[in-house]
Amino acid sequence: MTTPRRTAPFWLAPALPALALYLAIYVPSLAILAVLSFFKFEPGHLPIPALTLSNYARFILDPYYLGLMLNTLYLAAVASVVAVAMSYPLAYSLVRSPGLRRIILPAVTISFFISAILRLYGWIGILGENGVLNGTLVSLGIIPSPLPILFTDKAVVIGLTDFAIPYAVLILASSISNIDASLEQAAQNLGATQWQTFLRITLPLTRPGLIAALVLSFAQAVSAFITPLLLGGGRVPMLATQVYDSMIFSVNYPFASATVVVILAVILLITFGVGRARPTTGL
Amino acid sequence: MEYSILDNVGRKLVALVRLGVICILVAPLLVTVLLSLSKSFTFPPSGFTFGWYLNFLDRPEFIRGLTTSIVLAASTVIVSTAIGSGLAFVLVRHAFKGTGLLKGLVLSPVSLPRIACGVSLFLLFVNIGVTGAFLELLALHVIITCPYVVSVLSASLAGVDESLEQASMNLGANRYQTFLRVTLPLIRPGLVAAAIFAFVVSFDEVTASTFLVDAHTTTYPVVLFSYMERGGLDPTVAAGTSILLAPLLVLMFILDRYVGLGRALGIWRVS
């Protein structure tokens with residue numbers, strides 16, 4: 001028998017390879033990003049080690065970058081609110097209606113698993129000038145000429161909403177499944193209409209789930225990259241596409257890093273500002 | 001039970017929204033498959049063709065990307081489940097002072113936007129002078145998939161009765177024999193789910209990988225993405241993504257058989 005002191009490191013041993021990866025690559029990479037965001041940039045030179053806030057100041061002082069940031073927040077806010085509002089009925093049926101569950105569950109699962117490229121290609125096919133939507137509306141005579149949707153911020157919001165819906169459905173479904181159905185029954189037995197039951201019982205009880213779904217949808221939309229690039233066609237800049245431009249075209253690593261930090265700060269603020277309300281999984 | 005007119009209108013409205021959302025989820029999928037078989041990139045489709053699939057097969061960069069992604073995703077599954085199961089084992093079986101902190105660190109890549117993962121790993125590799133896109137991508141994909149693996153396997157391990165392992169050791173098996181013959185078979189559904197999740201997450205990763213690919217090693221989604229970004233909106237991409245549907249449905253079927261779709265989906269919300 002070995003003494004407890006000697007066996008101590010052995011139980012930690014299985015965790016060491018993963019720990020090494022996290023501590024040698026993951027954590028340092030984030031540290032480098034944070035440090036670099038304070039460096040100075042000279043075109044054609046390596047980033048200059050200097051403690052400057054100028055990369056961040058551009059988001060306040062430069063109207064272009066301020067507008068870019070506010071526009072990103074706006075698009076993300078619209079997409080996450082719409083996504084959560086649309087997901088609620090679906091989540092409710094997923095939990096309370098066994099018949100619909102058989103349709104909804106595979107639909108949600110496949111949208112998780114399907115490649116994002118395929119979904120975005122589908123949206124281009126739907127929203128384009130000769131796409132499914134315009135083709136149908138024009139041939140039915142509802143509109144005289146195709147609506148410009150693709151490569152505008154409308155298309156980007158649609159794409160962002162689409163990507164948020166499956167996550168919102170799951171969070172809301174687990175929140176709804178935690179409600180005791182007999183509470184709704186009781187309200188109705190006492191004379192409440194279905195609307196009253198929903199507004200006074202169901203909605204308040206799922207508030208933590210609603211907040212969590214909103215926060216997650218917003219966090220994903222605010223850092224979205226391929227959706228604004230492909231559905232916005234380069235005409236709808238967002239914070240993450242700015243990161244890409246800074247990295248690839250102007251090779252301004254300090255500004256790119258600062259932009260990533262701004263995205264992270266927005267997400268942290270919204271997560272802790274709105275309140276960390278997490279329902280437990282109940283699916 | 002009372003019914004008002006508002007309830008009736010409300011119920012129809014809710015049903016309409018529900019139908020609309022299901023359409024939104026399914027429509028992009030159907031349209032892509034439809035366009036991959038359509039002669040022109042317009043609606044309504046003008047005729048049926050397999051031309052886009054042949055066009056896809058003719059482009060060596062697509063095939064190369066597909067090969068790279070399959071090898072990368074398979075390697076990610078192996079590395080991620082290997083190191084993730086060790087981590088999950090320690091987290092579940094040994095409560096120590098730093099458990100909470102360690103768990104937070106391990107699960108954090110899920111909440112970190114992909115753009116942040118990609119840029120920060122790129123900056124690290126540039127600064128320490130690492131080259132070799134495949135290994136860089138592997139590190140990225142293992143970090144991204146590890147939280148899913150750890151979360152799934154932690155749940156599986158927590159469900160294993162420790163007295164079974166005790167019994168095995170009392171009967172003379174050593175620690176490794178016990179793990180291989182007792183623990184491993186008991187957590188097999190979890191392992192299957194973890195492997196499928198890691199594979200799918202790795203195979204579909206675009207945003208972060210964009211920063212780590214090079215001219216020789218490019219993943220499949222990144223090839224498709226850059227093709228579309230350069231204005232290639234013809235249905236070659238539709239054909240290239242539609243061919244993934246069949247294997248995907250097989251994976252979903254396996255997942256449903258082993259763990260159930262409902263339970264499997266709960267995993268996505270790693271918390």
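How much area do chain A and chain B bury between them? In this predicted model, the answer is about 7800 Å², with 81% of it on carbon and sulfur atoms.

**View 1. The contact between chain A and chain B, residue by residue.** Chain A puts 85 residues into the contact, and chain B puts in 85 residues as well. On the chain A side, A:Tyr22, A:Phe113 and A:Tyr121 lose the most area to chain B; together they make up 12% of what that side buries.

**View 2. Polar pairs and the make-up of the chain A side.** Polar contacts do turn up: nine residue pairs across the interface of chain A and chain B, both partners at pLDDT 80 or more. Helix H2 of chain A (residues 16-36) supplies the largest share of the side that touches chain B, at 16 residues. Sorted by class, that side of chain A holds 61 nonpolar, 20 polar and four charged residues.

**View 3. The largest nonpolar core.** This core counts 163 residues, and A:Phe113, A:Met247 and B:Val119 are the members that touch the most others. Helix H6 of chain B (residues 133-158) gives the most to the core, with 14 residues. A:Phe113 shows up here and also among the chain A residues that lose the most area to chain B.

**View 4. Zooming in on A:Met247.** Leaving aside residues up to four places away in sequence, A:Met247 touches A:Tyr253 and A:Ala256 in chain A, plus B:Val119, B:Phe122, B:Leu123 and B:Phe211 in chain B. One of these partners, B:Val119, is itself listed with A:Met247 among the core members that touch the most others.

Conventions:
Residues are numbered from 1 along each chain as its sequence is written. Chains are lettered from A and ligands numbered from 1 in the order in which they are written. This is a predicted model: local features need pLDDT of at least 70, side-chain atom pairs count only at pLDDT 80 or more; totals for chains, interfaces and linings use all residues. Side-chain values use heavy atoms; hydrogens and water are left out. Contact means heavy atoms within 4.5 Å. Buried area is the accessible area (1.4 Å probe) that two parts lose on being put together, summed over both. A polar contact is a pair of N or O atoms within 3.5 Å; within protein, one must be able to donate a hydrogen and the other to accept it, and residues adjacent in sequence count only if both atoms are side-chain atoms. Helices (H or I, at least four residues) and strands (E, at least two) are DSSP runs, numbered from the N terminus. Ala, Val, Leu, Ile, Met, Phe, Trp, Tyr, Cys and Pro count as nonpolar, Asp, Glu, Lys and Arg as charged, and the others, Gly among them, as polar. A nonpolar core is a set of buried Ala, Val, Leu, Ile, Met, Phe, Trp, Tyr and Cys residues joined through side-chain atoms within 4.5 Å. Buried means under 20% relative accessible area, exposed over 50%, partly exposed in between (1.4 Å probe, protein chains only).
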